[in-house]
Amino acid sequence: MAQVGKDANPYATLTSLRSPFSYGSFTMIGNSFERGNPYLKPEIQTAWEVGAELRFLNGRIGLDYTYYHSSTKNQIASPRLSNASGYTMVSINSGSVINDGMEIAITGKPIATRNFEWNLTLNTSYNRGKLGDSLKGVAYFYPTDAQFGTVKAASIPNGGHFLAMTGSRYQYEKDAEGNEIENGRYLVDATTGLYKLTASTDNPIVGNREPKFIGGLNSSLRYKDLTVSFLLDFRIGGDVYNGTEYYMVSNGLSKRTLENGREYVTVSGVDSSTGAEVNQTYYADKDYVISGVTYSGKAMIKKYWDNYCSNSYNFIQSVNWLKLRSLSVSYDFTKLIRKQNVVKGLSVTATGTNLFTWTNYDGMDPEVSTAGGTGGSGSTGIDYCSVPSTSSFSFGVNLTF
């Protein structure tokens, strides 16, 4: 068991003024964006782990296992404040963060002869992060500025997911007690003629970005002086928000918006006021009166897709992937140059990285974060107009004198 402390950034307890700046002929001065907190406490992390290292058949098979638990109390974070406070952010002791996880490594040497050798290493791990007790009255905690499309990177207090996403969605029909019927029909708002959305203040939880588990397989084969090795990465589960597709749909650039040749769209469900069944089709060449206002069919089709974009679930996928992370081929020519005394060793290596990806994700690259440098949980699992991981190739010659 170990316990460590962590302090806040320097001067986080002090409120300071911004440096003077000019605006036209005026010189201006004001509060800094972040308010100081004189009551800030250091955060304390307590962690323990258990494990085992096992070897069999003279070391040709190995198993390393670790289970860990860590709990951080007085977690220091800098959430956004209401602009009415005069500041943008403040460092606070937001509560506790709990992580439980497991790591397994299996090593093996299936073949070991003078001329041929094969080594394998399989690593798998998972982590379950959750937010413990937090500030009273805080239903959702936003540790970063990661907000793209209709979703926000969020942590859910009192045992909720640490890498959650909040967003907006269509409302479902309700039973006699006023509770939503899971996977029921959608509510149609009579005032808009479109699907009724959750209130902007509700921020329902729409996903969990944390994968079920991740891992990698490293294989190295040597035949005499030729060595071939590769590394496979895999991930099972974890939600990804396809913000790129959201952006394309909202601007009419996605193939989705070509549905029905852009001549009509259909809204079906139940009326949110009367409970009557609704099955309304809007045609591009007709006009429609909704809440006393006349709209063209083309305007209603545009509003339909705007309404579609507001449903976060339309762009969220549970993602799996398998990546060929690297492939390397090398050859040792040392035996061919023994007759001279200048060069003691010569080998040549060709390497490729990020060569192939097999995934069920409909976007470009499920691994890319929109703003991975953002503090805390960042925007892992949010793909918004991001650049996919690039493939690279290298060739090297190693000389020993």
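Q: What makes N158 count as exposed, and where is N158 found?
A: In this predicted model, N158 is found in the loop between strand 13 (151-154) and strand 14 (160-161). Its relative accessibility is 61%, and because exposed means over 50%, N158 counts as exposed.

Q: What is noted about the phi of N158, and what about that of N354?
A: N158 has a positive phi of about 60° although it is not a glycine, and N354, likewise not a glycine, has a positive phi of about 50°. Most residues other than glycine have a negative phi.

Q: Why is N354 called partly exposed?
A: N354, placed in strand 28 (residues 345-359), has a relative accessible area of 21%. Buried means under 20% and exposed over 50%, with partly exposed in between, and therefore N354 is called partly exposed.

Q: Why is the contact between R169 and E180 called a salt bridge?
A: The closest N and O atoms of R169 and E180 are 2.8 Å apart, and because the cut-off for such a nitrogen and a carboxyl oxygen is within 4 Å, the pair is a salt bridge. R169 and E180 lie in the loop between strand 15 (164-166) and strand 16 (187-189), 11 residues apart. R169 counts as buried at 15% relative accessibility, whereas E180 is partly exposed at 32%.

Q: How do you know that K335 and D225 form a salt bridge, and which parts does the pair tie together?
A: The N to O value for K335 and D225 is 3.8 Å, and because the cut-off is within 4 Å, their side chains meet in a salt bridge. K335 lies in the loop between strand 27 (321-332) and strand 28, and D225 in the loop between strand 19 (213-223) and strand 20 (226-236), so the pair ties together parts that are 110 residues apart in sequence. D225 has a relative accessible area of 18%, and since buried means under 20%, D225 is buried.

Q: What makes strand 17 and strand 23 edge strands?
A: Four strands form an open sheet in the order 17-16-22-23, with mixed pairing. Strand 17 (194-195) and strand 23 (277-283) each pair on one side only, and these are the edge strands. Strand 23 pairs with strand 22 (residues 264-271) in the antiparallel sense over seven bridges, and since at least two bridges are needed for two strands to pair, the seven found here meet that cut-off. Y264 has Y283 in strand 23 as its bridge partner.

Conventions: Residues are numbered from 1 along each chain as its sequence is written. This is a predicted model: local features need pLDDT of at least 70, side-chain atom pairs count only at pLDDT 80 or more; totals for chains, interfaces and linings use all residues. Side-chain values use heavy atoms; hydrogens and water are left out. Helices (H or I, at least four residues) and strands (E, at least two) are DSSP runs, numbered from the N terminus. Buried means under 20% relative accessible area, exposed over 50%, partly exposed in between (1.4 Å probe, protein chains only).
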